[in-house]
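This report covers helix packing and sheet arrangement in one structure. The sequence and coordinates come first.

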Amino acid sequence: MTQLPPAALQDRALQSVFDALQAGGHRAWLVGGAVRNALLGEPVGDLDLATDAPPETVTRLTQAAGLKPVPTGIDHGTVTVVADGRGFEVTTLRRDVETDGRRAVVAFSDDLAQDARRRDFTMNALYADRGGTVIDLVGGLDDLRARRLRFVGDPAQRIAEDYLRILRFFRFLAWYGRDADPAAIAACRDGRDGLDGISRERIGQEFRKLLMAPDPLPAIRLMADTGVLKKVLPDAAPDRLSALQSPAPWLARLVALSQADLTEVLRLSRSEARDHRILATALAEDWSFHRIAYRLSGDLAQAAALLVQTGRSGPCPGWAEAQAAARPLPIAAADLQPRLQGPALGRGLKAAEDAWIESGFALPPSALIDIALLAGKTP
């Protein structure tokens, strides 16, 4: 009998949700990622529960216990129960009635085996009761121990129910897998055209999570081999990603894969699209560390430094020094006026700024003024 580590269930808020459901004579189990990660000894994020209580009963029982139920996904049986200021997703056991490759129509159930059979991967179909005893109805424990990623049941059928599971497969492989089931790989290859019907928002969300993995490169290479990567990013170049040092921000990894405008392709936010564009420019123009330190700051500067280093042979010392040396341009427009006006003033300031960066922030103001005046007078 496999048991969760005791610490996994020593959560007072979680126990209060168990108390509320069991007070009405219903059963409840910790399920999915919390069980998987606790068994792997990895950080546990969300604590999700499955229950044989219908959603309206979950609402009534938790409200009676002084907790706050919120119907966040009521059509699919999910009630978010707020306890001690934290949300716990409580979902009624389900079986699929109808699927169309994007979403499912479900019926509620009290059969744990039915619920397990509708889940995506065996390592995600593990349950644990309140005492920590793990319930495995689909062979997930052996797969988890082997870090083997395998679909529950027939891979092609699981994928046809929701084609986003193709990207989830590669995401979970990057995070938790060492070995991928050959039948699953073949099903992802054969079903990749189904991704055409998935919204770009959902694709973007999955791809972000994939690129946040400690080392996404093996999964990305497998995506390329199966033709899935081309479906998501037609011009992606995994070899550029392989040259990027780890750890690296997900957005830097995305730029290493593709410098194209991905705003619509992955539904990037306005700030993500702006930062992607800046990083792509820095990479394409091979910015020096001094230019990066002058133009950018914080995490964006660090990401740009990592990226430009990928295009150079051998280590590139000097990033810390460039950061320490970076200072604002020591001359201003007033130093050039009235000798330069309008566009000539703009040209002069840009030339001075370029020279300032190129010198490693060492040129004196007099030299910068001379450079600016010469450039301003030369259309």
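## Helix pair H18 and H19

In H18, Ala 344, Arg 347, Gly 348, Ala 351, Ala 352, Ala 355 and Trp 356 meet Leu 368, Ile 371, Ala 372, Ala 375 and Gly 376 in H19 (contact means heavy atoms within 4.5 Å). By class, this contact has nine nonpolar, two polar and one charged residues; Ala, Val, Leu, Ile, Met, Phe, Trp, Tyr, Cys and Pro count as nonpolar, Asp, Glu, Lys and Arg as charged, and the others, Gly among them, as polar.

The axes of H18 (residues 342-358) and H19 (residues 365-376) come within 7 Å and cross at roughly 135°. H18 and H19 are therefore oblique to each other (under 35 degrees is roughly parallel, over 145 roughly antiparallel, 65 to 115 roughly perpendicular, the rest oblique).

## Basis of the model

The model is predicted: local features need pLDDT of at least 70 and side-chain atom pairs pLDDT 80 or more, while totals for chains, interfaces and linings use all residues. Residues are numbered from 1 along each chain as its sequence is written, and side-chain values use heavy atoms, without hydrogens and water.

Helices (H or I, at least four residues) and strands (E, at least two) are DSSP runs numbered from the N terminus. Axes are lines fitted to C-alpha atoms, for helices over the stretch in contact, with angles from 0 to 180 degrees between N-to-C directions.

## Sheet

Seven strands form an open sheet with mixed pairing, in the order S3-S4-S5-S2-S1-S8-S9 (strands pair if DSSP finds at least two bridges between them). Strands S3 (68-73) and S9 (134-136) stand at the edges with a single partner strand each, so one side of each lacks a neighbour in the sheet.
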